[in-house]
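Subject: Structure for you to look at

Hello,

Here is the structure I said I would pass on. Please open it first and then read the notes below it.

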Amino acid sequence: MYKLVIFILTLLFVFSCETKTTLQKYYVEKTESSEFVSVDLAPSFINTDKIKLTSEEKAALSSFKKMNILAFRTDSIDFAGYDKEIKEVKSILKDESYQQLMKAGSGNDGAAIYFVGNDDEHIEEFVVLAGKKENGFAVVRVLGNDMNPTHILNMLSLLKKSNVDLEQLKPLQQFMK
């Protein structure tokens, strides 16, 4: 009887473990690969010391916690790696927790923006997937608390007028050469 109970508990444990790949797991796995480059950015990469922020920009900046960028560069001779990796990312983004906000382009060339959150005013994560088969693709995760689409637009304008710390982007610049 004791062995039967142990066997049943073991089966329950094995089958209760989640085996689906999440975007976070994908990032962690691929950061070890030489085919990918990964960059993590803290809000400090946006240097706002010398500019006056509007209340909307302050709200956007305070909702932003970090940004993860994962880029895959296509081998110009063999596109099989691109096809495999982009298919895996798109499969992950089909999960019900990701809601598509916008899509541009078609086929393997284009971009899409997704978000994770209870509604469009309390967003925890924005995900941008952009790619072109000849060049590769990038997955950008913008993580925060109670973000909304307006915050992202304000962050983009803030990036244009702030003094961005390009030193943090060097790994990405080297990879894209």
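**What was found**

Strand β7 is mostly covered, since nine of its 12 residues are buried. Buried means under 20% relative accessible area, exposed means over 50%, and partly exposed is in between (1.4 Å probe, protein chains only). Helices (H or I, at least four residues) and strands (E, at least two) are DSSP runs, numbered from the N terminus.

Before going on, note that this is a predicted model: local features need pLDDT of at least 70, side-chain atom pairs count only at pLDDT 80 or more, and totals for chains, interfaces and linings use all residues. Residues are numbered from 1 along each chain as its sequence is written, and side-chain values use heavy atoms, with hydrogens and water left out.

**The chain as a whole**

The chain has six helices and eight strands. Read from the N terminus, the order of elements is α-α-β-β-α-β-α-β-β-β-β-α-β-α. Of the 177 residues in the chain, 34% are buried. Contact means heavy atoms within 4.5 Å. Among contacts with a separation of 6 or more, 64% are between residues 24 or more positions apart.

**The sheet**

Six strands form an open sheet with antiparallel pairing, in the order β1-β3-β7-β6-β5-β4. Its edge strands, each pairing on one side only, are β1 (36-41) and β4 (99-106). From one strand to the next the twist averages 10 degrees. Two strands pair if DSSP finds at least two bridges between them.

β7 pairs with β3 in the antiparallel sense over nine bridges, and in this pair L70 stands opposite V139 in β7. Nine bridges also join β7 to β6, again antiparallel; here V127 stands opposite R141 in β7. A hairpin of three residues connects β6 to β7.

Helix α4 (residues 80-93) lies across β1, β3, β5, β6 (123-132) and β7, and runs at about 155 degrees to β6. For these angles, axes are lines fitted to C-alpha atoms, for helices over the stretch in contact, and angles run from 0 to 180 degrees between N-to-C directions.

Is E57 buried or exposed? E57 has a relative accessible area of 5%, so E57 counts as buried. E57 is in helix α3. Leaving aside neighbours within four places in sequence, E57 is in contact with K52, N154, S157, L158 and K161.

E96 lies in the loop between α4 and β4. The relative accessible area of E96 is 76%, so E96 is exposed. E96 and V116 are 20 residues apart along the chain, and their C-alpha atoms are separated by 9.3 Å.

**Pockets**

Rolling a probe the size of a water molecule over the atoms shows where empty space is left. The search uses a 1 Å grid over the protein atoms alone: a cavity is a set of points where a 1.4 Å probe fits but cannot get out, while a pocket is an open set with protein on both sides within 12 Å along at least five of seven lines; lining residues have an atom within 4 Å of a point. Grid points are joined across faces, edges and corners, and a volume is the space filled by probe spheres set on the points.

The largest pocket holds about 400 Å³ of space. Its lining has 18 residues, and M67, V142, I152, L156 and L159 lie nearest the centre. β3, β6, β7 and α5 (149-161) each give two or more residues to this lining. The largest share, six residues, comes from α5. What classes of residue line the largest pocket? There are 18 nonpolar, no polar and no charged residues. Ala, Val, Leu, Ile, Met, Phe, Trp, Tyr, Cys and Pro count as nonpolar, Asp, Glu, Lys and Arg as charged, and the others, Gly among them, as polar.

The second largest pocket holds about 280 Å³ of space. Its lining has 20 residues, and K90, K103, A112, Y114 and L129 are the closest to the centre. By class, this lining divides into nine nonpolar, seven polar and four charged residues.

Regards
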